[in-house]
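Please open the model in your viewer and keep the selection tool at hand. The tour below moves from stop to stop, saying what to select and what is there.

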Amino acid sequence: HGGDLGDNGVWGKHTLMERALRSTLIIRTPGMKDAGKSTDAVVETVDLYPTLAELCGLETRQPGDGTSLSPVLADASQPGDGEARGYWRNGGNWGATLRTDRYRLTRYQSEPNGGKVAQLELYDHEQDPTESVNVAADRPDVVKELLQRLDGKP
């Protein structure tokens with residue numbers, strides 16, 4: 001997965017932007033119905049463990065992070081669980097991001113839990129796939145909903 005080469009004013013890989021966090025994931029299973037088809041499902045690498053366990057017929061001993069990708073492997077049009085999270089720390093600065101099929105919400109703050117929020121960013125991938133226009137101030141309802149999801153609240 002990529003680094004920013006001046007994109008969004010950043011030179012490096014350590015950001016919470018789409019270009020730095022997005023990576024290619026290729027899975028092939030025997031008898032796969034939609035073999036060779038790509039998907040736009042939003043998934044995470046933590047989905048690999050539950051997927052492999054399910055495909056191998058293994059029980060997981062405890063619930064963990066991630067959701068099995070078996071439905072997406074059976075039908076590439078399935079959406080997956082529709083969320084991906086990313087985290088970043090640089091000294092005393094913390095960042096967390098939530099990517100959905102349409103939006104990326106990123107929160108930077110001084111401490112991971114309860115620290116002062118320094119900046120909120122919201123990008124609408126339907127209108128701005130390069131994440132160049134922060135629309136957080138224009139869409140407070142979307143920010144509120146995604147912040148709750150980022151914090152694990154329904």
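**A tour in selections**

Begin with Ala-136, which touches Leu-120, Glu-121, Leu-122 and Val-143 when residues up to four places away in sequence are not counted, a contact being heavy atoms within 4.5 Å. This is a predicted model, in which local features need pLDDT of at least 70, side-chain atom pairs count only at pLDDT 80 or more, and totals for chains, interfaces and linings use all residues. Residues are numbered from 1 along each chain as its sequence is written, and side-chain values use heavy atoms, with hydrogens and water left out.

Next, select the 12 residues of the largest nonpolar core, among them Ala-136, Leu-122 and Val-143; such a core is a set of buried Ala, Val, Leu, Ile, Met, Phe, Trp, Tyr and Cys residues joined through side-chain atoms within 4.5 Å. Buried means under 20% relative accessible area, exposed over 50%, and partly exposed in between (1.4 Å probe, protein chains only). Strand E4 (93–99), strand E5 (103–109) and helix H4 (140–150) each give two or more residues to this core, and H4 gives the most, with five. Helices (H or I, at least four residues) and strands (E, at least two) are DSSP runs, numbered from the N terminus.

Finally, turn to helix H2 (residues 48–55), whose buried residues are Pro-50, Thr-51 and Ala-53. These buried residues of H2 pack against helix H3 (70–74), whereas the face of H2 turned away from its buried side carries the exposed residues Tyr-49 and Leu-52. Just after H2, select Gly-57, which takes a positive phi of about 70°.
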